[in-house]
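Please read it beside the sequence and coordinates shown here.

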Number of protein chains: 2
Amino acid sequence: MSLSEFKWAARVTDIAPFHVMAILEEAKRLQASGRDIIHMEVGEPDFSTAAPIIAAGQEALAKGLTQYTPAAGLPELRQAIAGHYQTAYGIDVDPKRIIVTPGASGALLLLAALLVNPGDQVMMADPTYPCNRNFMRMFEGKPQLIPVGAESDYQLSAAHIEQYWQPNTRAAMLATPSNPTGTLVNKAALKAISEAVAARKGALIVDEIYQGLTYGVDALTALSVNDDAFVINSFSKYFGMTGWRLGWLVAPECAISDLEKLAQNVFLSAPTPSQYAALAAFQPDTIAILESRRAEFAKRRDYLLPALRDLGMSVPVTPEGAFYIYAGIDHLTDDSYQWCLDLLEQEGVAATPGLDFGIEGARKTVRFAYATDLAKLEQAVERIARFIQKAA
Amino acid sequence: MSLSEFKWAARVTDIAPFHVMAILEEAKRLQASGRDIIHMEVGEPDFSTAAPIIAAGQEALAKGLTQYTPAAGLPELRQAIAGHYQTAYGIDVDPKRIIVTPGASGALLLLAALLVNPGDQVMMADPTYPCNRNFMRMFEGKPQLIPVGAESDYQLSAAHIEQYWQPNTRAAMLATPSNPTGTLVNKAALKAISEAVAARKGALIVDEIYQGLTYGVDALTALSVNDDAFVINSFSKYFGMTGWRLGWLVAPECAISDLEKLAQNVFLSAPTPSQYAALAAFQPDTIAILESRRAEFAKRRDYLLPALRDLGMSVPVTPEGAFYIYAGIDHLTDDSYQWCLDLLEQEGVAATPGLDFGIEGARKTVRFAYATDLAKLEQAVERIARFIQKAA
């Protein structure tokens with residue numbers, strides 16, 4: 001029996017593989033052959049999960065708390081997340097509006113299923129996190145990529161909404177802080193965008209996955225200006241729980257019963273041990289650990305940003321969040337993928353080509369993650385400098 | 001700002017809520033008011049996760065193993081699953097063909113994305129596990145429900161494939177053991193179905209989520225007759241790891257790179273602590289525990305099946321697997337949902353109306369789960385008998 005004549009669904013071809021995967025594979029190959037590789041390609045904090053969270057997970061296992069939770073998550077975790085919005089942002093969010101998901105991926109999945117009919121467009125910035133585009137395509141919608149630049153902090157603006165909204169545009173999607181650019185949407189812009197989207201009877205999706213990881217600016221949530229926004233969040237980044245696969249979605253009340261129905265179908269519930277562990281994520285002792293890590297990320301950014309600029313790379317807007325610098329290398333190449341491969345082969349520094357994040361300008365940009373300690377970052381900058389010099 | 005004029009995507013309306021959720025909610029309400037409720041509606045084993053698996057999870061947490069794994073899963077877990085196929089079924093499966101997923105839900109998600117174009121049909125039995133239908137609708141495909149009966153053990157047969165296959169039928173889906181009927185597809189039928197599907201250049205999906213939970217018959221996997229089948233499995237049922245959200249998919253080699261690409265987009269990776277815990281699932285000491293639980297399930301089935309038949313319920317084919325009995329109650333009602341509600345209100349026994357599993361005959365059937373201990377089952381049967389008598 002053979003499937004050789006079977007053609008996969010069209011979406012499979014339309015969804016491009018991540019270039020970073022080829023980089024990562026080559027990095028691992030080189031590492032296995034004994035080379036010293038500095039990883040600046042990965043979107044994963046180098047800190048392991050904070051001890052109080054681990055301890056809470058172990059305690060849940062000791063108690064045998066391993067059965068399904070309700071599809072929307074443990075009531076006490078939904079309550080704790082609501083408490084976090086109160087403590088950190090001073091806003092009331094009804095716990096019923098919070099759905100715990102298997103990673104932010106689970107939240108994106110629910111939203112694509114809820115909002116996107118075949119042919120519908122979801123407006124988003126180019127560059128953007130590639131899964132955002134792909135989730136829309138997955139559900140037969142279309143990512144409507146709007147090239148953004150320094151003038152709007154590499155973010156969608158109300159002006160973009162006004163200029164590019166089309167009859168089949170159903171929603172706009174922001175990410176603040178943004179992956180790959182690390183830039184934020186400020187409160188005034190959030191308000192203007194919310195109004196522009198509402199005037200067009202669209203939905204607004206705000207990815208706040210890197211919330212908490214901001215440097216020198218006040219933390220913000222879109223919920224403080226727009227109660228009808230769909231807000232995606234994650235325990236992976238600020239809370240350092242990547243492998244636990246846990247995130248959440250805040251949605252308007254009118255969407256909750258349908259989102260629960262979708263959740264029952266697509267994932268049943270988020271992992272139970274992870275949910276119990278996450279109950280410890282908002283404790284003062286955990287937050288103290290996470291804040292000291294944030295300070296460390298800030299130091300890294302403060303080192304890496306001027307260092308890359310000194311190498312002639314273009315970073316016109318200061319990245320104030322996440323742990324990425326999206327650097328223009330137009331003076332060096334118009335093939336960022338090959339450039340990244342060469343950098344890896346010659347100097348053992350792995351970075352992500354812009355190509356993974358968009359179309360416009362993507363061939364002339366590279367994303368550097370600073371999820372690596374300062375000493376390694378300094379070494380990486382030396383190596384990148386040598387690589388550029390050799391190529392010149 | 002308001003979303004009041006925003007219409008959710010059409011699929012949201014097409015996906016019906018599970019009736020069992022309303023039953024469950026009412027059961028919880030009654031329980032909270034002090035009533036004694038016997039739960040025969042849930043699809044979750046009443047045993048907690050076996051101690052060696054819990055211990056392996058705790059050990060992983062103690063070691064801080066909480067980062068992402070590769071999208072296809074921990075290499076050592078893929079290897080362990082391959083080893084299980086060798087030990088339990090005597091067949092070689094290349095670990096590269098095994099993708100670890102967040103629950104069987106994650107595997108279904110990957111397959112729907114891989115196989116289903118808008119308008120494509122996926123043939124499946126009526127009755128079937130409702131998420132199967134809904135996953136196809138989610139990706140704009142159509143579940144092609146084929147009413148099945150006792151003559152084919154409540155399963156699709158090669159004759160069904162031959163009779164009902166249409167130009168836009170892309171795949172057939174089996175579940176063995178089946179939820180809700182507990183019936184199996186035997187080796188000869190699997191072979192005939194595989195050939196009928198292959199002759200039509202279709203794909204075959206086999207849900208083996210309840211594999212291992214069979215009573216009095218030899219265990220079987222579709223992989224032993226069809227190397228090109230897409231086989232879905234789970235750590236939830238036989239391995240008792242529901243809340244850990246872990247399953248796997250075995251796929252033909254030609255599909256693996258595309259499935260990995262989809263997995264990177266839709267879930268990044270399965271939960272890491274769960275994957276490490278599952279490494280202990282195939283150890284002899286764990287298997288010994290699981291086998292004693294299987295013996296317990298067998299006892300329950302051996303009690304419940306004749307008891308329900310004695311109440312006049314129709315179960316024409318002996319359920320040899322899973323932990324469900326799908327009982328015809330045509331002599332009692334043609335509104336199984338109301339019947340279940342009344343049974344719950346009057347006697348405190350919760351069961352799932354057939355309506356959740358199909359259309360044909362669904363109003364005259366009920367699914368009873370025996371994921372409850374024998375003493376409770378005996379009590380439940382007494383109560384059901386009294387309920388029937390009162391209604392007569």
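## Basis and domains

Domain bounds are those of an automatic or database domain assignment. On that basis chain A is divided into domain 1 (3–48 + 287–391) and domain 2 (51–285), and the C-alpha centres of these two domains of chain A lie 24 Å apart. The model is predicted, so local features need pLDDT of at least 70 and side-chain atom pairs count only at pLDDT 80 or more, whereas totals for chains, interfaces and linings use all residues. Residues are numbered from 1 along each chain as its sequence is written, chains are lettered from A and ligands numbered from 1 in the order in which they are written, and side-chain values use heavy atoms, with hydrogens and water left out.

Contact, meaning heavy atoms within 4.5 Å, takes 37 residues from domain 1 of chain A and 42 residues from domain 2 of chain A. The buried area, which is the accessible area (1.4 Å probe) that two parts lose on being put together, summed over both, is about 3,300 Å² between these domains of chain A, with carbon and sulfur atoms giving 60%. A:Ile287, A:Glu320 and A:Phe357 supply 18% of the area that domain 1 of chain A buries against domain 2 of chain A, more than any other three residues. A salt bridge is a side-chain nitrogen of Lys or Arg within 4 Å of a carboxyl oxygen of Asp or Glu, and two of them cross the interface of domain 1 and domain 2 of chain A.

## The two chains

Chain A can be laid on chain B by a turn of 180 degrees and a shift of 0.0 Å along the axis, with an RMSD of 0.0 Å, for a least-squares superposition on the C-alpha atoms of residues with pLDDT of at least 70 in both. The two copies are therefore related as by a two-fold rotation axis, and 100% of the contact residues of chain A recur in chain B, the same surface serving both copies.

Between the chains, the contact takes 82 residues from chain A and 82 residues from chain B, and the buried area is about 6,800 Å², of which carbon and sulfur atoms give 61%. The count between chain A and chain B is two salt bridges; B:Glu5 and A:Lys201 meet in a salt bridge at 3.5 Å, N to O.

## Helix 12 of chain B

Helices (H or I, at least four residues) and strands (E, at least two) are DSSP runs, numbered from the N terminus.

## Charged pairs

B:Glu347 also forms a salt bridge with B:Lys390, the closest N and O atoms being 3.4 Å apart. This pair links helix 12 and helix 13 of chain B, 43 residues apart; B:Lys390 is exposed at 52% relative accessible area, while B:Glu347 is buried at 7%.

Conventions: Buried means under 20% relative accessible area, exposed over 50%, partly exposed in between (1.4 Å probe, protein chains only).
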